[in-house]
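Please keep the sequence and the model in view while reading the points below.

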Amino acid sequence: MTVYIDPPDWPGHGRFWSHLVSDVSFAELHAFAASIGCPPRAFERDHYDVPSDRYPDAVRAGAVEIGSKELVRRITGAGLRRPKGRPSA
């Protein structure tokens, strides 16, 4: 089981956010997110938005820290990327 998280560099709603992804399956991603208390509403197409104050919790639970470009490369390579404007498979 490998879940990845990028640095909390993404601004929104007065906070900074990270993206939590899996390069294996959405089932793995949903299970990990639930285990660290991410609400289902934090899921957006192919990732969970994680606020900066919860970033350490995700890393302690086993999320691997990687850069944003590498994160996108991994989920694209796994066929799990769902960009805006494209229908879900």
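**Overview**

Phe43 is found in strand β4, where strands (E, at least two residues) and helices (H or I, at least four) are DSSP runs numbered from the N terminus. The model is predicted: local features need pLDDT of at least 70, side-chain atom pairs count only at pLDDT 80 or more, and totals for chains, interfaces and linings use all residues. Residues are numbered from 1 along each chain as its sequence is written, and side-chain values use heavy atoms, with hydrogens and water left out.

**Phe43 and the aromatic rings**

- Not counting residues up to four places away in sequence, Phe43 touches Phe26, Leu29, His30 and Tyr48; contact here means heavy atoms within 4.5 Å.
- The C-alpha atoms of Phe43 and His19 are separated by 9.5 Å, and the two residues are 24 residues apart along the chain.
- Rings of Phe, Tyr and Trp (its six-membered ring) pair if their centres lie within 6.5 Å; planes under 30 degrees apart count as stacked, over 60 as edge-to-face and the rest as tilted.
- By this rule there are two aromatic pairs.
- Phe26 is buried at a relative accessible area of 16%, whereas Phe43 is partly exposed at 23%; buried means under 20% relative accessible area, exposed over 50%, and partly exposed in between (1.4 Å probe, protein chains only).
- Phe43 also pairs with Tyr48: the ring centres are 5.2 Å apart and the planes stand at 55°, so this pair is tilted.
- Tyr48 is buried, with a relative accessible area of 5%.
- Phe26, Phe43 and Tyr48 form one aromatic cluster.

**Salt bridges**

- The whole structure holds seven salt bridges, each being a side-chain nitrogen of Lys or Arg within 4 Å of a carboxyl oxygen of Asp or Glu.
- One of them joins the side chains of Asp53 and Arg15, at 3.0 Å from N to O.
- Asp53 lies in the loop between β5 (47–51) and α2 (55–60) and Arg15 in strand β3 (residues 15–22), so the pair ties together parts that are 38 residues apart in sequence.
- Arg15 is partly exposed, with a relative accessible area of 37%.
- Another salt bridge connects Asp57 and Arg60, at 2.5 Å from N to O.
- Asp57 and Arg60 are three residues apart in helix α2, and so are separated by about one helical turn.
- Asp57 is partly exposed at 25%, while Arg60 is exposed at 63% relative accessibility.
- Arg54, Asp57 and Arg60 are linked in a network of salt bridges.
- In helix α3 (residues 68–77), Glu70 and Arg74 lie four residues apart, about one turn of the helix, and their side chains meet in a salt bridge of 2.7 Å, N to O.
- Both are partly exposed, Glu70 at 24% and Arg74 at 27%.

**The nonpolar core**

- A nonpolar core is a set of buried Ala, Val, Leu, Ile, Met, Phe, Trp, Tyr and Cys residues joined through side-chain atoms within 4.5 Å.
- The largest nonpolar core has 21 residues, of which Ile5, Leu20 and Tyr48 touch the most other members.
- The elements giving two or more residues to this core are β1 (3–5), β3, α1, β5, α2 and α3.
- Helix α1 gives the most, with four residues.
- Beyond its neighbours within four places in sequence, Leu20 is in contact with residues including Val3, Leu29, Phe32, Tyr48 and Ala63.
- In soluble globular proteins, nonpolar side chains tend to be buried together.

**Asp6**

- Asp6 is placed in the loop between β1 and β2 (10–12).
- Asp6 is buried yet has no salt bridge, and Arg81, the nearest side chain of opposite charge, is 9.7 Å away; in this count Lys and Arg are positive, Asp and Glu are negative, and His and the chain ends are not counted.
- The side chains of Asp6 and Trp10 are joined by a polar contact of 3.2 Å; a polar contact is a pair of N or O atoms within 3.5 Å, where within protein one must be able to donate a hydrogen and the other to accept it, and residues adjacent in sequence count only if both atoms are side-chain atoms.
- A polar atom of the Asp6 side chain also lies 2.6 Å from the backbone nitrogen of His19.
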